[in-house]
Amino acid sequence: MFRGVIRSPSSLCRIPLTPPRSKFTLSLYTTDTPVSNPVDKPAIGRKIPYFVNLEKGKTYSWCSCGLSSKQPFCDGSHVHAKGLKPLKFEVQESKKYLLCGCKQTKNKPYCDLTHIKVIGKSFFGGNDEKSMTEQRKAEILSLINEKQTNKT
């Protein structure tokens, strides 16, 4: 049974406007298996890079989840996010470096100017599929705050 029909002038041709519904059609678009262990995307820690002084020979942990209160470095907040871990790194010489704040860089932990795209998407609108939603970020941060208040 069709919901709508376009009829040709001769009424010989019937073209359905909507496809018929059947179990076969629905099974093409749905899945019975749940997604196991979904991985969180990183939250945007800051839309501009961090200009930090780093020392040669010292190991640093760059926050890759975007939830740390000690940005751009890790404070352990990633334990509440699924699949995100800090990046440990050392520098070859003591000097100032630009570390990524938007967490979208392809040259982790260093800034590669990807934040310009992030700023553009937030300014002009647009869906950023590569970063954590504000709702998920709020859930994790409230969980962190709740655990901190329970400790005191």
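Predicted model: local features only at pLDDT ≥ 70, side-chain atom pairs only at ≥ 80, totals over all residues.
1. Residues are numbered from 1 along each chain as its sequence is written, and side-chain values use heavy atoms, with hydrogens and water left out.

2. The secondary structure comes to three helices and six strands, arranged along the sequence as β-β-α-β-β-β-β-α-α; helices (H or I, at least four residues) and strands (E, at least two) are DSSP runs, numbered from the N terminus. Of the 152 residues in the protein chain, 30% are buried, where buried means under 20% relative accessible area, exposed over 50%, and partly exposed in between (1.4 Å probe, protein chains only).

3. The largest nonpolar core has 13 residues, and those with the most contacts inside it are Leu54, Phe89 and Leu99; such a core is a set of buried Ala, Val, Leu, Ile, Met, Phe, Trp, Tyr and Cys residues joined through side-chain atoms within 4.5 Å. Strand E3 (50–54), strand E4 (59–62) and E6 each supply at least two residues of this core, with E3 giving the most, three residues. Apart from it lies another core, of nine residues, among them Ala81, Leu84, Ile140 and Ile144.

4. Ser94 lies in the loop between strand E5 (87–90) and strand E6 (95–99), and its relative accessibility of 47% makes it partly exposed. Although Ser94 and Leu54 are 40 residues apart in sequence, their C-alpha atoms are 5.6 Å apart in space. Not counting residues up to four places away in sequence, Ser94 touches Leu54, Glu55 and Lys56, a contact being heavy atoms within 4.5 Å. The side chain of Ser94 also reaches the backbone nitrogen of Lys56 at 2.8 Å.

5. Helix H3 (residues 134–151) has 18 residues, which at 1.5 Å a residue should span 26 Å, and this agrees with its end C-alpha atoms being 26 Å apart; the expected span is 1.5 Å times one less than the number of residues. The buried residues of H3 are Arg136, Lys137, Ile140 and Ile144. They cover an arc of only 105 degrees around the axis, which puts them on the same side of H3, the arc being that of the directions from the helix axis to the C-beta atoms. The face turned away from this buried side carries the exposed residues Glu134, Gln135, Thr149 and Asn150.

Terms used
Polar contact = N/O pair within 3.5 Å; in protein donor to acceptor, adjacent residues only side chain to side chain.
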